Amino acid sequence: ERPRKAAEKTLSILGYRAHYLHYACAAPRATLVCFHGWLDNAASFTTLANELTDCEIYAWDFLGHGKSEHKHAGERYHYIDLVPFIDAAWQSVEAAHKVLVGHSMGAGACALYAGVAGHHVKKLVLIEGFSPMTAEPEDAVKILAEGVKEFKKAQLLPKPDYKHVSDAVKIRMRVNGLSEAAALPLVKRAIMRTKTGITWRADFRLRAPSLLRMTQAQVKNILQSIEARTLVILGDKGMPELKKAAEAYRGWIRQATLETLLGHHHLHMEKTSGVVARIAAFLRQT
């Protein structure tokens with residue numbers, strides 16, 4: 001079957017030019033507003049868009065990712081800044097039945113946003129993600145010191161130079177355990193031309209660790225405020241620490257259903273996972 005056509009669009013968010021892919025639909029059953037994981041991009045949702053043909057889909061590139069602008073020199077990427085980004089993107093979409101969807105880093109940030117958005121978010125889908133990584137208060141000095149030191153290094157990280165797109169695709173396949181078909185759209189959106197070949201488009205400052213992590217009590221406080229009906233989808237071969245957190249703390253989200261399906265951390269990008277069927281069933285629930 002032919003892949004679904006997406007329109008490339010932009011919007012000014014937090015003073016930066018943000019890009020997103022819009023998959024239109026004549027009479028959509030729902031409108032999914034989607035946010036990707038760390039060092040991924042909007043093409044992370046290509047497979048879902050091709051399968052959920054009766055849904056309208058907005059797939060965003062976070063700042064520093066995909067085609068969205070990089071932050072100014074000297075600026076950092078703070079995890080918590082994803083929340084106002086999601087807010088601006090979510091508010092920009094006018095639709096009757098909006099569903100908030102996040103994968104990995106995007107999922108944790110979507111959960112935080114849903115916690116403060118009240119009844120504005122009625123349905124939430126978290127794929128291989130649940131909440132941000134937390135830290136104990138006594139770890140603050142270690143985290144801050146490492147964050148400052150590693151940021152200096154990240155600013156100087158050289159970008160690799162590949163001769164062909166296929167070289168970059170092989171790397172993503174290896175790193176994420178992806179098939180070539182799933183990795184290709186992600187890589188195409190993640191690369192740019194250089195004088196000698198191609199390299200990654202993403203801002204390498206994203207590789208610096210956080211300066212500050214929320215405590216478990218803070219995250220619990222926000223997740224307990226989520227009013228949305230929530231579907232959490234984990235892969236049986238996904239990230240073990242995610243599985244542990246989601247299983248231990250799922251009670252924090254009042255209306256959460258947890259499903260473990262066959263697949264790895266990027267299970268939403270492979271057709272075999274059953275993710276599409278699970279989301280479709282979730283959308284049918286009133």
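Buried here means under 20% relative accessible area. The model is predicted.

**View 1. Lys98 in strand β5.**
Lys98 sits in strand β5. Is this lysine buried or exposed? Its relative accessibility is 19%, so Lys98 counts as buried. Thr47 lies 51 residues from Lys98 in sequence. In space, the C-alpha atoms of Lys98 and Thr47 are 19 Å apart.

**View 2. Strand β5 is buried along its length.**
Strand β5 spans residues 98-103. Six of its six residues are buried, so the rest of the structure largely encloses β5. Both faces are covered. On one side, Lys98, Leu100 and Gly102 are buried.

**View 3. The partners of β5.**
Strand β5 pairs with β3 in the parallel sense, over five bridges. Within this pairing, Leu32 stands opposite Val99 in β5. Strand β5 also pairs with β6, again in the parallel sense, over four bridges. Here Val101 stands opposite Val125 in β6. From β5 the chain crosses through α3 to β6. Which hand does this β-α-β crossover have? The crossover is right-handed.

**View 4. The β1-β2 hairpin and its turn.**
Strands β1 and β2 form a hairpin with two residues between them. The two strands run antiparallel and are joined by seven bridges. Lys9 stands opposite Tyr20 in β2. Leu14 lies in the loop between β1 (7-13) and β2. Most residues other than glycine have a negative phi. Leu14 has a positive phi, near 55 degrees. With a relative accessible area of 46%, Leu14 is partly exposed.

**View 5. Strand β2 and its pairing with β4.**
Strand β2 is mostly covered, with seven of its eight residues buried. Strands β2 and β4 pair in the antiparallel sense over four bridges. Tyr20 has Trp60 as its bridge partner in β4. Tyr20 of β2 also has Lys9 standing opposite.

**View 6. Leu39, a buried loop residue with positive phi.**
Leu39 lies in the loop between β3 and α1. Leu39 is not a glycine, yet its phi is positive, about 60 degrees. Is Leu39 buried or exposed? Its relative accessible area is 18%, so Leu39 is buried.

**View 7. The largest nonpolar core.**
In soluble globular proteins, nonpolar side chains tend to be buried together. The largest nonpolar core of this model has 47 residues. Which of them touch the most other members? They are Phe35, Trp60, Leu100 and Leu223. Strands β2, β3 (30-35), β4 (55-60), β6 (123-127) and β9 (229-235) each supply at least two residues of this core. So do helices α2 (82-92), α3 (105-117) and α7 (216-223). Helix α3 gives the largest share, nine residues. A second, separate core holds 27 residues. Among them are Leu32, Leu48, Ala59 and Leu231.

**View 8. The second largest pocket.**
Rolling a probe the size of a water molecule over the atoms shows where empty space is left. The second largest pocket has a volume of about 360 Å³. Its lining counts 15 residues. Which of these lie nearest the centre of the pocket? They are Arg4, Leu21, Tyr23, Thr46 and Pro185. The elements that give two or more residues to the lining are β2 (16-23), α1 (46-51) and α6 (180-190). Helix α6 gives the most, with four residues. By type, the lining divides into seven nonpolar, two polar and six charged residues.

**View 9. Helix α9.**
Helix α9 covers residues 275-284. The helix is mostly covered, with seven of its 10 residues buried. Which residues of α9 are buried? They are Val275, Val276, Arg278, Ile279, Ala280, Phe282 and Leu283. An α-helix has 3.6 residues a turn, so residues three or four places apart point the same way.

Key. Residues numbered from 1 in each chain as written. Predicted model: local features only at pLDDT ≥ 70, side-chain atom pairs only at ≥ 80, totals over all residues. Heavy atoms only, no water. 1 Å grid on protein atoms, 1.4 Å probe; cavity = no way out; pocket = protein on both sides within 12 Å on 5 of 7 lines; lining within 4 Å. Points joined across faces, edges and corners; volume = space filled by probe spheres on them. Nonpolar A, V, L, I, M, F, W, Y, C, P; charged D, E, K, R; others polar. Core = buried A, V, L, I, M, F, W, Y, C linked by side-chain atoms within 4.5 Å. Buried < 20%, exposed > 50% of the residue type's maximum accessible area, 1.4 Å probe, protein only. Pairing = 2+ DSSP bridges. Right-handed = clockwise from strand over helix to strand, strands pointing away.
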